Amino acid sequence: MAFIPPKCMSTQHPDNATAPSYAIDGVIKGEGEIVEASDIFALGADEQMWDSEGKDADNRVVQKLLANYPEQFKKTRLGRDAVITLRVPNPSIELEMRKSLVEALQGIPAAYDMARGFYGGEAGDLDAPIQEVILPMTTNAPELTFIATYYERFIVGQEDQELMGGRTVQDWIGEFHPKTLRVIPLVEDLEHMLTADAIVGEYLQGRGATFQRVFLARSDPALNYGSTAADLMVKVALQRLHRLEQTLGIPIYPIIGAGSVPFRGHLSPVNLERAFREYPSIHTYTIQSAFKFDHPVETVREAIGKIREHERTEPRPIDEKRARQVIDKLAAAYQHQVKTLAPFINAVSAKVPRRRDRKLHVGLFGYGRSLEGNSDVTLPRAIAFAAAAYSMGVPPELLGIAALSKEDLAWVREVYPSLDEDMAAALRFANEKQVHDLLGESYVKQLGRFGWEIDRVHEGLTSAIWAGMAENSTVNVRSFIEDAAGIRKFLG
């Protein structure tokens, strides 16, 4: 039977309002992430992303899972029923973390040996517990090839190196498995999202692959270009990847990195049909921390089952030329408003509770690159950005949307049928006064196109947050932020 990639990828994105019992002062760290992986596999997820990018990762995750939960993983066999997939630093961009890539790759054969010791069998016969790595911020095919080649030549290939007296590394410490490694591109920016098919097509030339997974980000595109623009970008990429699949004659399995908040993809246990409707060709859906921790456990279990049972179909058709025009219009308006709001967002984000140990992310804004002549605009990561905007009472989904003409809006509603649902979900947590004061009365009127049904308790909390920030008082702003996030069932 041909290998079918996992469908339900648990991730470590820290977007949860509610901290699990094993968190320390609300922060999941260290051994807590081992517990988390065990718990989510027990609920039916078949993949755990293990993040070596942006934080310290425990490279002994396989050893600890097998040692701490032996009965569970006798039933749920790592490598066959569930896998660990590493997200590694991009050495072309994250220069200070590039040696961490080597460290992560070196741990893959060690994980294999641990699993072989646990499950038994002959060397090479085992389904490896780690079979793939994810490369963030992928911009070209050689980046992917470098990782696959480095692993094969310098991790596995070292077994043939002679030490002394005719003895090789393999004679000394044994064979290295798996012999090959699959690399998943994670595409995050506009230029490369719209050329993901070309990147993947070039990477696959001569590789003899029987399938390829492609990870499409949803959070960072929203942070950089706005929520609606990000959704259109993903749809164009999915259509192009579908054409590539038909051309190559092998399956291309897309992954969508969607969070619970509409701004970051609107995928939660209670609205799976929205994701299936908008992204019908997606094979793997991410379940992030809010998905896992902000809903009853049985609701989460049932949702995971539905994701595992869902069968992908063809992507939603989209006019790519029209999409690019609308994306550019939305992005320009969004970025203009973000420049204005950045000081407020950065101030509030400093009060947003941290749910995991993370390092500063890099991205279009995170680099402090020049943006329309302004090199001073820096923003927090997408989760903290969304959390800050919601805490201000200005849901980030609103930014840039008023730039759409009536004709544009009608077209977007055709290709993005959940737009009104997503906007209504966002507007529920708006603060009418804050939207008016920060975005203007004309903007509020245009937002009437989507209707208003505001949660007044949440609105009161955002007013208290704003007052506490404005007066620089001793008011516990963080407590109000957490209370508001609890109402929403996501942090950001």
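Modeller: Lys-306 is partly exposed, having a relative accessible area of 40%; here buried stands for under 20%, exposed for over 50% and partly exposed for what falls in between, using a 1.4 Å probe and protein chains only. Its side chain forms a salt bridge with Glu-302, and the closest N and O atoms are 3.6 Å apart. By salt bridge I mean a side-chain nitrogen of Lys or Arg within 4 Å of a carboxyl oxygen of Asp or Glu. Both residues sit in helix α13 (residues 297-309), and because they are 4 residues apart, about one helical turn separates Lys-306 from Glu-302. Helices (H or I, at least four residues) and strands (E, at least two) are DSSP runs numbered from the N terminus.

Elsewhere, salt bridges with shared partners connect Arg-218, Asp-231, Lys-235, Arg-274, Glu-278 and Asp-422 in one network.

A word on the basis: this is a predicted model, in which local features need pLDDT of at least 70 and side-chain atom pairs count only at pLDDT 80 or more, while totals for chains, interfaces and linings use all residues. Residues are numbered from 1 along each chain as its sequence is written, and side-chain values use heavy atoms, leaving out hydrogens and water.

Glu-152 and Arg-207 make another salt bridge, at 3.9 Å from N to O. Glu-152 belongs to helix α5 (residues 141-156) and Arg-207 to the loop between α8 (196-204) and β8 (212-217), so this pair ties together parts 55 residues apart in sequence. Glu-152 is partly exposed at 30%, and Arg-207 is partly exposed at 33%.

Phi of His-266 is near 60°, a positive value in a residue other than glycine. His-266 counts as buried, with 10% relative accessibility.

Lys-489 has a positive phi too, near 70°, and is likewise a residue other than glycine. You will find Lys-489 in the segment after α21 (477-488), partly exposed with a relative accessible area of 40%.

Last, a stop at helix packing. Helix α14 (residues 320-349) and helix α15 (residues 382-392) pack at about 85°, their axes 9 Å apart. Axes are lines fitted to C-alpha atoms, for helices over the stretch in contact, and angles between N-to-C directions run from 0 to 180 degrees. The two helices, α14 and α15, are therefore roughly perpendicular; under 35 degrees counts as roughly parallel, over 145 as roughly antiparallel, 65 to 115 as roughly perpendicular and the rest as oblique.
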